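Please read it alongside the sequence and coordinates.

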Amino acid sequence: MEKDRRIRKVVFRILVISGFCLLGISCHYHAIIGKSDLKTISQECIEESDTEKIIKNGDYSLILREGDEGFAVFLQNGKEIVGSQELPAWITVRGSDTLLTGEYIETDYKQPYHQVIRKKYGFCATASVNTEKGSVFIVEDKYTLLKDGVFGIYRDVKVKEARAEDVGFASTISFQTGLRSSDNNDFEYFIPSVLYRNTSEVREDAVAADLNTDRMYVKETRTGLPLAMLREKITGTTLTLMHYNPRIDVGQNPGGGTFYEVNDALQYGSIGYSIYPSLSVDFHYPCAEGPRTYEVAGRKRDAKTIWSKRYHSVKEGNIHSYSVALIPDKKDNYNEAMMYAFGMGYKTEEPTIVDMNMDEIYRQNIELFKAEYRMFGKGNIKAAGLPWSLDLPDGTNTEGISFQMGFVGQQIAVGYHMYRYGLDHHDSETREKGKSMVDFWVSDAIMKTYFPTVWWDPADNATAGQRREYPSFLRCFVDGMEGLLDAYRISVAHNEPQEAWNQALKRVASNLVKKQNEDGSFYRAYKTNGDVETGGDRNTHGTSKLNTPVAIRFLVKMFEHTGETKYKEAAIKAADFSYNELYLKLGKYVGGTPDNPNTVDKEAAIFALYGFNAIHELTGDLKYLKAAEHAANCAMSWTYCYDFAIPNRDAMDAKKNPFVKGGITGFSIIATGHSGADNFIAYMFYEMYKLYIKTGNELYLHMAKLLQNNTKLNTDFDGRMNYKYRAFMPEATNVADLAFRSVSLWLPWASIANIEPIVNLEEAFGKKNLSQIDMSLPELRSRLTIYGVGGKPLHR
């Protein structure tokens, strides 16, 4: 028996207060996984002798091997040990509180299996774990195959005998690597939405910012898929452990419980790494998060030393159950290993895709745009647009009205979509509203400087308001200029070319090319006079070059639009910088959002996908296609690929929370350093579909369909929320901490995210819905070549 005793000080007043100050989530979990859930596997995959019980899966064998003390578990590739659990039955027991100091003792107990029995599904391994106080736990692990390349472990832990001194328990499945090293620099890491390759470019207060610790666990609901990958740099051997078929629930406990709480209703775990005495991938159940946590008490105290833990009760007959997938692999580099781990995890989990009516989604958003249109100004310039935000559920405007060209405000894109709708549907009122919005953004008020003003505060005066002092972020004006190009293309298609739009577009694009650095990069933010922005707040980081992918697709579109080689050359230079510095060196993407620190985030990965997809279509170079696949997998990894419901904290939540019965699948985490989530990933389904067309990989088709459909679940598409508009959805919402918490606002970008790919799909392939497209891959590739990246003329 191996014991590791740790004393944790618990100040109960702080901890109880923290429990309901957290952010949000909940769902449906309690059924014990029984044999009926396990499928019979081919007996050709099973071998056994007196001392070894083996399940074979391709090149890998999972071996339950008997030693002097009992059975240990080894994962082998031929004779090479790539992973092991020498003491697989790992139970952690929490002792009683000491009334005077608020301390308790937590003890780890580890045992080998004492019995292994062959079954139709594989093998059933059993261990008895006794505590020093006299409690007895029976651990029953069922080993099986989930699919080619993926082993499965179904665990039941039952309290056979309970002693009052043992209060709570948790259990862990842990596989250490064959390298047996405790030096975290010998490995590369991947936890979706949390950790990519290493801790570089991650905020210092992020939950996984420091691996110089004995153990690092993160709450599984902070991850797009609850998995942890560990790759040995020397051998390339990779182990991935994933919570399979997570059934997450917190019962009547919004917030998921308090620090160190013992509560059988809390049914969610954590994923991560044990680092000392040797590196391993772990799944721990119920949740333990540390040595940093985003829970409120962790932020108020020393976030470098705090752990937040939950336990189930040591009560005779009590059982907890869960299942994990074990995915071994060997890859030459981190990028390939990460893609394989996520792809196999996604295919193993195989999230359910709902059915949505894209025509109706499109209509709902256009109706919102039309209804909320505003115009300001008493002089020649009219500032037209949509409010910065509208409150859920009633649509009031409490944050005032300001206009942002791209990014959050997406004013030019909104104008384009209204203008397009008006032209295509012979709706002159909507056409004029859209046109007036675009006209404002090409006026002298915006365009008289080297780079355009990106944020405007409108007013009913002679100047229609004034410029807000805000940097011209690359992301903001590239968003705006892509919307302006779309607007100009549709104007030409309807024989009413708006030449002022075209001239403004070409001026900004040409000025951008002139500012390209010698190494092909662009800066994150500029002043309106064209100089790099060196001031600003902690989010500005204007001199960073890591946002360069944002520019690539726009430059390719401008080459398609104008035929001018300067745009092609600039796009290739920017793509090569991004390929070398981000794809090859970092293995991650940084700084997609101006309102966050310049850190690893989802939107950076999405813009990298845009850029690499575009440059591949321009050059045909397959290295860019491989980079596009990597960026797509990175971006997708921020997306919830499993479902759970989120409880309300109060009656006000009930009016705003679209997830009370589930529907999280398709929602996505925003950035490292917090667990805020939104719907931005909806933008990506058209680009993901393009990857399917290029590669024929059905995985990308499944992802594209999920992103097309499930990303609409957070809207009021069916009227269940009684929002003022069906297109409303919550922005900046936390679902990771097991209670609904949101800024409770709709912002214009959220609607653009939902309809832009619908429109792109229709323009390229003639249909708004992927399910309506009935073409062979060669036909799809031909259509994609004809349509291009998005700068060629449209046809009506």
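Asp486, Arg489, Arg553, Lys557, Tyr686, Glu687, Asn760, Tyr787, Val789 and Gly790 line the second largest cavity of this predicted model. A cavity is, on a 1 Å grid over the protein atoms alone, a set of points where a 1.4 Å probe fits but cannot get out, and lining residues have an atom within 4 Å of a point. Its volume is about 70 Å³, where a volume is the space filled by probe spheres set on the points, with grid points joined across faces, edges and corners. Helix 8, helix 10 and helix 15 each give two or more residues to the lining of the second largest cavity. Helices are DSSP runs of H or I with at least four residues, strands are E runs of at least two, and both are numbered from the N terminus. By class, the lining of the second largest cavity has 5 charged, 3 nonpolar and 2 polar residues. Here Ala, Val, Leu, Ile, Met, Phe, Trp, Tyr, Cys and Pro count as nonpolar, Asp, Glu, Lys and Arg as charged, and the others, Gly among them, as polar.

The model is predicted: local features need pLDDT of at least 70 and side-chain atom pairs count only at pLDDT 80 or more, while totals for chains, interfaces and linings use all residues. Residues are numbered from 1 along each chain as its sequence is written, and side-chain values use heavy atoms, with hydrogens and water left out.

**Largest cavity**

The structure holds 8 cavities of 30 Å³ or more, and the largest has about 140 Å³ of space. It is lined by 15 residues, of which Asp479, Glu482, Arg553, Tyr683 and Glu756 are the closest to its centre. Two or more lining residues come from each of helix 8 (474–493), helix 10 (549–562), helix 12 (602–619) and helix 17 (748–765). Helix 8 gives the largest share of this lining, 5 residues. The lining of the largest cavity divides into 7 charged, 5 nonpolar and 3 polar residues.

**Helix packing**

Axes are lines fitted to C-alpha atoms, for helices over the stretch in contact, and angles run from 0 to 180 degrees between N-to-C directions.

| Pair | Angle | Axis separation |
|---|---|---|
| Helix 15 and helix 16 | about 160° | 8 Å |
| Helix 12 and helix 15 | roughly 40° | within 10 Å |
| Helix 10 and helix 12 | about 35° | 7 Å |

Angles under 35 degrees count as roughly parallel, over 145 as roughly antiparallel, 65 to 115 as roughly perpendicular and the rest as oblique. Helix 15 passes helix 16 in a left-handed crossing; a crossing is left-handed if the near helix is turned anticlockwise from the far one by less than a right angle, and right-handed if clockwise. Phe685, Met688, Tyr689, Leu691, Tyr692 and Thr695 of helix 15 make the contact with Glu698, Tyr700, Leu701, Met703, Ala704, Leu707 and Gln708 of helix 16. Contact means heavy atoms within 4.5 Å. The contact has 10 nonpolar, 2 polar and 1 charged residues.

The axes of helix 12 and helix 15 cross at roughly 40°, which makes helix 12 oblique to helix 15. This crossing of helix 12 and helix 15 is left-handed. Leu609, Tyr610, Asn613, His616 and Glu617 of helix 12 meet Glu687, Lys690, Leu691 and Lys694 of helix 15. By class, that contact has 4 charged, 3 nonpolar and 2 polar residues.

Helix 10 and helix 12 also have a left-handed crossing. In helix 10, Pro549, Val550, Ile552, Arg553, Val556 and Phe559 meet Phe607, Ala608, Tyr610, Gly611, Ala614, Ile615 and Leu618 in helix 12. The contact of helix 10 with helix 12 comprises 11 nonpolar, 1 polar and 1 charged residues.

**Backbone exceptions**

A cis peptide bond, with omega about 10°, joins Tyr276 and Pro277. Pro277 is in the loop between strand 20 (270–274) and strand 21 (280–285). Tyr285 and Pro286 are also joined by a cis peptide bond, with omega about -5°, and Pro286 lies in the loop between strand 21 and strand 22 (288–289). Tyr260 is not a glycine, yet has a positive phi of about 65°; Tyr260 is found in the loop between strand 18 (237–243) and strand 19 (261–262).

Technical notes:
1 Å grid on protein atoms, 1.4 Å probe; cavity = no way out; pocket = protein on both sides within 12 Å on 5 of 7 lines; lining within 4 Å.
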